[in-house]
Amino acid sequence: RMETDLRHAIERNEFEVYYQPLITLETGRITELEALLRWRHPERGLIPPLDFIPLAEETGLIVPIGSWVLAEACRQMRHWQLRFPRESPLALSVNLSVKQFTQPHFVRHVADTLRASGLDPSCLKLEITESFAIDNADLTRSMLEELRGLGTRIYLDDFGTGYSSLGYL
């Protein structure tokens with residue numbers, strides 16, 4: 001039932017992106033927003049990510065969902081940058097699924113998404129998990145080089161919860 005509902009959620013635009021501000025303590029200013037996916041189910045209300053992300057990963061639905069999150073967050077960030085200009089533009093942080101990251105044309109997809117939204121690539125921070133980066137070092141290195149070529153930044157999400165060693169880096 002949950003998988004069927006998840007498929008319908010994509011079709012019915014039931015997903016929402018929430019934005020968590022990251023604040024620089026030195027200035028007290030918001031410098032970045034992290035895009036967080038939420039699912040507003042028509043009958044069950046707001047479903048926590050831990051209740052549907054693993055299923056989305058398992059079924060492969062995370063790829064279209066993640067693609068939507070990236071596009072929506074880039075579009076929204078560019079809108080805010082234009083509406084509220086600042087000396088140093090806000091950055092956007094988006095978590096990536098392992099399945100997204102390993103898609104054959106992922107870098108081209110990121111480039112196309114940035115172009116469509118008008119967001120400067122230097123304002124986009126993509127987050128990958130530490131365990132994936134270390135388990136798939138060759139693929140990760142290649143993808144990171146291509147993404148760096150676009151001008152985006154890459155961060156390790158949840159560093160210290162997996163291998164916990166700077167030696168692996």
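The model is predicted, and local features need pLDDT of at least 70, side-chain atom pairs count only at pLDDT 80 or more, and totals for chains, interfaces and linings use all residues. Residues are numbered from 1 along each chain as its sequence is written, and side-chain values use heavy atoms, with hydrogens and water left out.

The chain holds 7 helices and 6 strands. Helices (H or I, at least four residues) and strands (E, at least two) are DSSP runs, numbered from the N terminus. In sequence order the pattern is α-β-β-β-α-α-β-α-α-β-α-α-β. Of the 169 residues in the chain, 36% are buried; buried means under 20% relative accessible area, exposed over 50%, and partly exposed in between, with a 1.4 Å probe and protein chains only. Among contacts (heavy atoms within 4.5 Å) with a separation of 6 or more, 71% are between residues 24 or more positions apart.

Two strands pair if DSSP finds at least two bridges between them. Strand 1, residues 15-24, runs antiparallel to strand 2 and is joined to strand 2 by 10 bridges. Within this pairing, Phe-15 stands opposite Trp-39 of strand 2, and Val-17 has Leu-37 of strand 2 as its bridge partner. The hairpin of strand 1 and strand 2 has 4 residues between the strands, and in this hairpin Gly-28 takes a positive phi near 75 degrees.

Strand 2 also pairs with strand 3, residues 45-47, through 3 bridges in an antiparallel arrangement. These two strands form a hairpin with 3 residues between them, and His-41 stands opposite Gly-45 of strand 3. The pairing of strand 2 with strand 4 is parallel and has 4 bridges. There, Leu-33 has Leu-92 of strand 4 as its bridge partner.

Helix 3 comes next. With 22 residues, helix 3 reaches 31 Å from its first C-alpha to its last, close to the 32 Å expected at 1.5 Å a residue; the expected span is 1.5 Å times one less than the number of residues. The buried residues of helix 3 are Ile-62, Ile-65, Gly-66, Val-69, Leu-70, Ala-73, Cys-74, Gln-76, Met-77 and Gln-81.

Val-63 has its place in helix 3 and is partly exposed, with a relative accessible area of 23%. Not counting residues up to four places away in sequence, Val-63 touches Lys-99, Gln-100 and Gln-103. Val-63 and Gln-103 are 40 residues apart in sequence, and their C-alpha atoms are 8.4 Å apart in space.

Trp-80 also lies in helix 3 and counts as partly exposed, at 24% relative accessibility. Leaving out residues up to four places away in sequence, Trp-80 touches Tyr-19 and Leu-33. Trp-80 and Leu-90 are 10 residues apart in sequence and 8.6 Å apart in space, C-alpha to C-alpha. Gln-81, another residue of helix 3, is buried, with a relative accessible area of 10%. Apart from its neighbours within four places in sequence, Gln-81 is in contact with Pro-89, Leu-90, Leu-119 and Cys-123.

The last topic is the largest pocket, with a volume of about 510 Å³. Of the 22 residues that line the largest pocket, Leu-37, Ile-53, Ile-62, Asn-95 and Leu-96 are the closest to its centre. Two or more lining residues come from each of strand 2 (29-41), helix 2 (49-59), helix 3 (62-83), strand 4 (91-95), helix 4 (98-101) and strand 5 (124-129). Helix 2 gives the most, with 5 residues. The lining divides into 12 nonpolar, 5 polar and 5 charged residues; Ala, Val, Leu, Ile, Met, Phe, Trp, Tyr, Cys and Pro count as nonpolar, Asp, Glu, Lys and Arg as charged, and the others, Gly among them, as polar.

On a 1 Å grid over the protein atoms alone, a pocket is an open set of points where a 1.4 Å probe fits, with protein on both sides within 12 Å along at least five of seven lines, and lining residues have an atom within 4 Å of a point. Grid points are joined across faces, edges and corners, and a volume is the space filled by probe spheres set on the points.
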